[in-house]
Amino acid sequence: MAGLLAKKLEMTRVVKGDKFIPVTLLEIPEMRVVWFKTMEKDGYEALIVGILDKKAEWKLKEGKTTLSKNEFTKIQEFELKEGEKEKFNVWDVVNIDTLEGVEEITLVGYSKWKWFTWAMKKHNFHGWPAGHGSKFHRALGSIGNRKPTRTHKGKKMHGHHGNIKVNLKKVPVELVNKEINVIGVRGPVPGWRNSIVNIIF
């Protein structure tokens, strides 16, 4: 298995030996295999999993065998290694059991969106003199150049802040609780509470 979807819950800490280890709790919901990408048709092999909507779960219990994309709260594609495709069938259940024996994972999520922010907050500038005589406190400063007479690309200025893809590699798994489908990974995880994070291993 190449990956799972998880919901970010909160941060806490666990005790290991004589140390407190900060962890982020991730809830792994029950997922279904939606479809496959094949080498013959798409040029690579991948597994597409989805989290069912609660209403869709009742439809399956009542005997319905097909669902549309609108009946999934989240659908995600994970690339498979060679020979892994045979392990799964469409509508198979994917859950926390697939993490058994995994010690390190890669986390992919989106950072918190802070809307449009000014340059000092966005780039952590230290600011200008704070005395009463100064009339230049939290401004960006000069952005121009004499030669060339334009602003250089990549200049740190105000604008869209956050909501960018963040990859965390080799994150240790410190806690696995199969009774409540929750794992604890060391350190912070990108995103806001209840956001969806991709787990790749």
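The legends below describe close-up views of a predicted model. Local features need pLDDT of at least 70 and side-chain atom pairs count only at pLDDT 80 or more, while totals for chains, interfaces and linings use all residues. Residues are numbered from 1 along each chain as its sequence is written, and side-chain values use heavy atoms, with hydrogens and water left out.

**View 1. Salt bridge between Lys37 and Glu77.** The structure holds six salt bridges (a side-chain nitrogen of Lys or Arg within 4 Å of a carboxyl oxygen of Asp or Glu). In the bridge between Lys37 and Glu77, the N to O distance is 3.4 Å. Lys37 belongs to strand S3 (residues 31-37) and Glu77 to strand S5 (residues 72-79), so the pair ties together parts that are 40 residues apart in sequence. Strands (E, at least two residues) and helices (H or I, at least four) are DSSP runs, numbered from the N terminus. Lys37 is partly exposed at 22% relative accessible area, and Glu77 is partly exposed at 32%. Buried means under 20% relative accessible area, exposed over 50%, and partly exposed in between (1.4 Å probe, protein chains only).

**View 2. Lys178 with Asp97 and Glu100.** The closest N and O atoms of Lys178 and Asp97 are 3.8 Å apart in a salt bridge. Lys178 lies in the loop between S10 and S11 and Asp97 in the loop between strand S6 (93-94) and S7, so this pair ties together parts that are 81 residues apart in sequence. Glu100 also forms a salt bridge with Lys178, with closest N and O atoms 3.5 Å apart. Glu100 lies in the loop between S6 and S7, and its pairing with Lys178 ties together parts that are 78 residues apart in sequence. Lys178 is partly exposed, at 40%, as is Asp97, at 42%; Glu100 is exposed, at 60%.

**View 3. Salt-bridge network of Lys16, Glu174 and Arg186.** These three residues are linked in a network of salt bridges. Side chains of opposite charge can pair when their charged atoms come close.

**View 4. Nonpolar surface patch of Trp113, Trp115, Phe116 and Trp118.** Patches are made of residues with over 30% relative accessible area and no salt bridge; like charges are joined within 9 Å, and nonpolar side chains (Val, Leu, Ile, Met, Phe, Trp, Tyr) within 5 Å. Accessible areas come from the Shrake-Rupley method with a 1.4 Å probe. Trp115 sits in the loop between S7 and S8 and is exposed, at 59%.

**View 5. Positive surface patch of Lys112, Lys114, Lys121 and Arg193.** Lys and Arg count as positive, and the charge is placed at NZ of Lys or CZ of Arg. Lys114 is in the loop between strand S7 (104-110) and strand S8 (116-117) and is partly exposed, at 41%.

**View 6. Asn194 and Ser195 in the loop between S11 and S12.** Phi of Asn194 is near 70°, a positive value in a residue other than glycine. Asn194 is partly exposed, at 48%, whereas Ser195 is buried, at 6%. The Ser195 side chain reaches the backbone oxygen of Trp192 at 2.6 Å.

**View 7. Backbone at Pro148 and Asn163.** A cis peptide bond with omega of about -5° joins Lys147 and Pro148. Pro148 is in the loop between helix H3 (119-123) and strand S9 (159-160). Asn163, in the loop between S9 and strand S10 (165-177), has a positive phi near 60°. Most residues other than glycine have a negative phi, and most peptide bonds are trans.

How values were computed. Polar contact = N/O pair within 3.5 Å; in protein donor to acceptor, adjacent residues only side chain to side chain.
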